[in-house]
Amino acid sequence: MAIKAYLLVETAIGTTREVVTSLRSVDGIESADVVTGPFDVIALINVEDFTQVGLLVTEKVHTIPGIVRATSYPVVDL
């Protein structure tokens, strides 16, 4: 069963474009868009299970230069 999660990202000043470009190249990230508000980028993760969400965030997202904070929000169907 596929798992979707939204990823909210805060970037360092002047790095938003580079962060979005990097996020869009990560396998498992379906889209990444610049937004206004308390976060700078919202990305959509689409992977096979919750373990892959954790691995993607900790091993790939958190290593991207310019990311100050990233928080994932798994989608739940009611």
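Val75 counts as partly exposed because its relative accessibility is 31%; buried means under 20% relative accessible area, exposed over 50%, and partly exposed in between, with a 1.4 Å probe and protein chains only. The model is predicted, so to speak of local features requires pLDDT of at least 70 and side-chain atom pairs count only at pLDDT 80 or more, while totals for chains, interfaces and linings use all residues. Residues are numbered from 1 along each chain as its sequence is written, and side-chain values use heavy atoms, with hydrogens and water left out.

Val75 is found in the segment after β4 (67-74). Strands here are DSSP runs of E with at least two residues, helices are runs of H or I with at least four, and both are numbered from the N terminus. Together with Tyr6, Ile42 and Tyr73, Val75 forms a nonpolar surface patch of about 330 Å² accessible area. Such a patch joins nonpolar side chains (Val, Leu, Ile, Met, Phe, Trp, Tyr) within 5 Å, and like charges within 9 Å, from residues with over 30% relative accessible area and no salt bridge. A salt bridge is a side-chain nitrogen of Lys or Arg within 4 Å of a carboxyl oxygen of Asp or Glu. Accessible areas come from the Shrake-Rupley method with a 1.4 Å probe, and for residues only the protein chains shown count as cover.

I turn now to strand β3. Why is β3 (residues 41-47) described as largely enclosed by the rest of the structure? The reason is that 5 of its 7 residues are buried. Strand β1 (residues 3-11) pairs with β3 in the antiparallel sense over 7 bridges, where pairing requires at least two DSSP bridges between the strands. In this arrangement Val9 stands opposite Val41 in β3. Strand β2 (residues 29-34) is also antiparallel to β3, over 5 bridges, and Asp33 stands opposite Ile42. The hairpin of β2 and β3 has 6 residues between the strands, and Gly37 in the turn has a positive phi of about 120 degrees.

Next, Leu8, which belongs to strand β1. Leu8 counts as buried, at 18% relative accessibility. Beyond residues up to four places away in sequence, Leu8 touches several residues, including Val41, Ile42 and Tyr73; contact means heavy atoms within 4.5 Å. Leu8 and Arg69 are 61 residues apart in sequence, yet 8.2 Å apart in space, C-alpha to C-alpha.

Finally, Thr16 lies in helix α1 (residues 16-24) and is buried, with a relative accessible area of 19%. Leaving aside neighbours within four places, Thr16 is in contact with Thr11, Val34, Asp40 and Val41.
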